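This report covers one protein chain.

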Amino acid sequence: MLGEKALQGIKVVDLTTALSGPFGTMFFADYGAEVIKVEPVNGDQSRRWGPFEEKSNEGAYYVLINRNKKGVTLNLKSEKGLKMFYDLMQDADIIWENYRVGVTKKLKIDYETVKKLNPGIIYVSGSGFGQTGPLSQRPCYDIIAQAMGGFLGLTGFPDCFPVKAGPSLADTVSGMYQVIGALIALFHKQRTGQGQLVDVSMMDSMFSLLDSAVLAYTMNGKIAERIGNLSPSVAPFDLYKCKDGYVTIAIANDGFWPKFCSAIGRDDLIEDLKFKTNEHRFRNYDLHLKEILKSWTAQYTKKEIDDIMAEYGIPCGPVLNVKEVVEHPQIKARDMLVHCEHPTAGDLYFQGVVSKLSKTPGAVNFPSPTLGQHNKEVFNLSDEEIQELKNEGVM
């Protein structure tokens, strides 16, 4: 879909690497912003993260989150490279970076420096611990942020060690917060003409997801513990084994309870005082209710349980592996699996655009760039000039 885009006309100079920053700039690219990814001469580190496409050695992380972007290379430590960067950002709306704190100042591309050259610039900084605080200059990756933000300590079972979320949650949530901050700053700039710094921390991002656990501690000193797949306040709200895998069932309000009892053929439980309200069900879950559900689900397959729960309008979901979710009709109906032809990797199929806008939808229009693919176009250089700059180590 190549029509009008919501962020058309916005120019982003993307200095980000790895996952959190590029995941954020991907959103802008999907909705039509011109995102120019500036990589070091040897490329973004995620180019070397697997799994790899065998024919071209393209890393899966890179091709997913750098779609719809133009790619250039610059050695920002060189005088010419820095000058070319300054020229590139003169008419930019946003500069986006996720260097370790202090690196941009050494490179002379920090917010205080660039806002003198472009006073209206929005400068998005994503980092492990933020631009301030005693940990600000420490390096960080996803598992570290999950651990130090409190998230990992709440994930897993009581009798087991902490377990991180499977996907890189700290990176992606941090990237989303960067997008939110950038959009808020753009709205402010539209009204006032003023740019500003957007400072997002991976640790802060994880901390923000702890929901009621923080209040439980600050209000009454209770330290939340790992509870597996349970809810800290609702029952039944758990994962159950069935004939061919696992299903999740969530009875989040009292209105679902009579329907659920009918669905499992246990109308006798509807008026049972041990289960009549959520408070009673929660209190008696481990003692009585859990075994009732386990015995029932063990008799059926995932699909059979899903069909029964759907018939009665009960919130339920089978645990799907990647193959099952990729092939699910709901994913296909929502255009969440998209095809893209990469110049070296060939046919690629990966996640599509999540937020569906009715008038200015986002789309995946072209693949991630090969290293330095758009040097000639972006900098308006001849082949001879590009070769000369390569020989000098500038690009």
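## Salt bridges

A salt bridge is a side-chain nitrogen of Lys or Arg within 4 Å of a carboxyl oxygen of Asp or Glu. The side chains of Lys189 and Asp93 form one, at 3.8 Å from N to O. Lys189 sits in helix 7, whereas Asp93 sits in the loop between helix 3 (79-88) and strand 6 (94-97), so the bridge ties together parts that lie 96 residues apart in sequence. Helices (H or I, at least four residues) and strands (E, at least two) are DSSP runs, numbered from the N terminus. Asp93 counts as buried because its relative accessibility is 16%. Buried means under 20% relative accessible area, exposed means over 50%, and partly exposed falls in between (1.4 Å probe, protein chains only).

The model is predicted: local features need pLDDT of at least 70, side-chain atom pairs count only at pLDDT 80 or more, and totals for chains, interfaces and linings use all residues. Residues are numbered from 1 along each chain as its sequence is written, and side-chain values use heavy atoms, with hydrogens and water left out.

## More charge pairs

The structure holds 21 salt bridges. Side chains of opposite charge can pair when their charged atoms come close. Glu377 and Lys70 meet through their side chains in a salt bridge of 3.0 Å, N to O. This pair links distant parts of the chain: Glu377 is in helix 16 (residues 375-379), Lys70 is in strand 5 (residues 70-73), and 307 residues separate them. Glu377 is partly exposed, with a relative accessible area of 49%. Lys70 also counts as partly exposed, at 21% relative accessibility. Glu34, Lys70 and Glu377 are linked in a network of salt bridges.

Lys274 and Asp272 supply another salt bridge between side chains, at 3.1 Å from N to O. Lys274 has a relative accessible area of 31%, so this residue is partly exposed.

Contact means heavy atoms within 4.5 Å.

## Overall form

The chain has 17 helices and 13 strands. Its C-alpha trace spans about 80 × 50 × 40 Å along the principal axes. Of the 395 residues in the chain, 45% are buried. Among contacts with a separation of 6 or more, 68% join residues 24 or more positions apart.

The chain carries 43 positive and 48 negative charges, and their mean positions are 3 Å apart. The place of a charge is taken as NZ of Lys, CZ of Arg, CG of Asp or CD of Glu.

## Surface and nonpolar patch

The accessible surface of the chain comes to about 20800 Å², and carbon and sulfur atoms hold 57% of that. Accessible areas come from the Shrake-Rupley method with a 1.4 Å probe; for residues, only the protein chains shown count as cover.

One nonpolar surface patch consists of Leu320, Val322, Val325, Val326, Leu337 and Tyr349, with about 500 Å² of accessible area together. Patches are made of residues with over 30% relative accessible area and no salt bridge: like charges are joined within 9 Å, nonpolar side chains (Val, Leu, Ile, Met, Phe, Trp, Tyr) within 5 Å. Helix 14 (residues 322-326) gives the most to the nonpolar patch, with 3 residues. Leu337 lies in strand 12 (residues 337-342). Its relative accessibility is 33%, so Leu337 counts as partly exposed.

## Backbone geometry

Most residues other than glycine have a negative phi, and most peptide bonds are trans.

- The Ala235 to Pro236 peptide bond is cis, with omega near -5°. Pro236 lies in the loop between helix 9 (212-220) and strand 9 (237-242).
- Asp211 is not a glycine, yet has a positive phi of about 35°. The loop between helix 8 (202-207) and helix 9 holds Asp211. Asp211 is exposed, with a relative accessible area of 58%.
- Asn380, also not a glycine, has a positive phi of about 55°. Asn380 is found in the loop between helix 16 and helix 17 (383-391). At 68% relative accessibility, this residue counts as exposed.

Conventions
Lys and Arg count as positive and Asp and Glu as negative; His and the chain ends are not counted.
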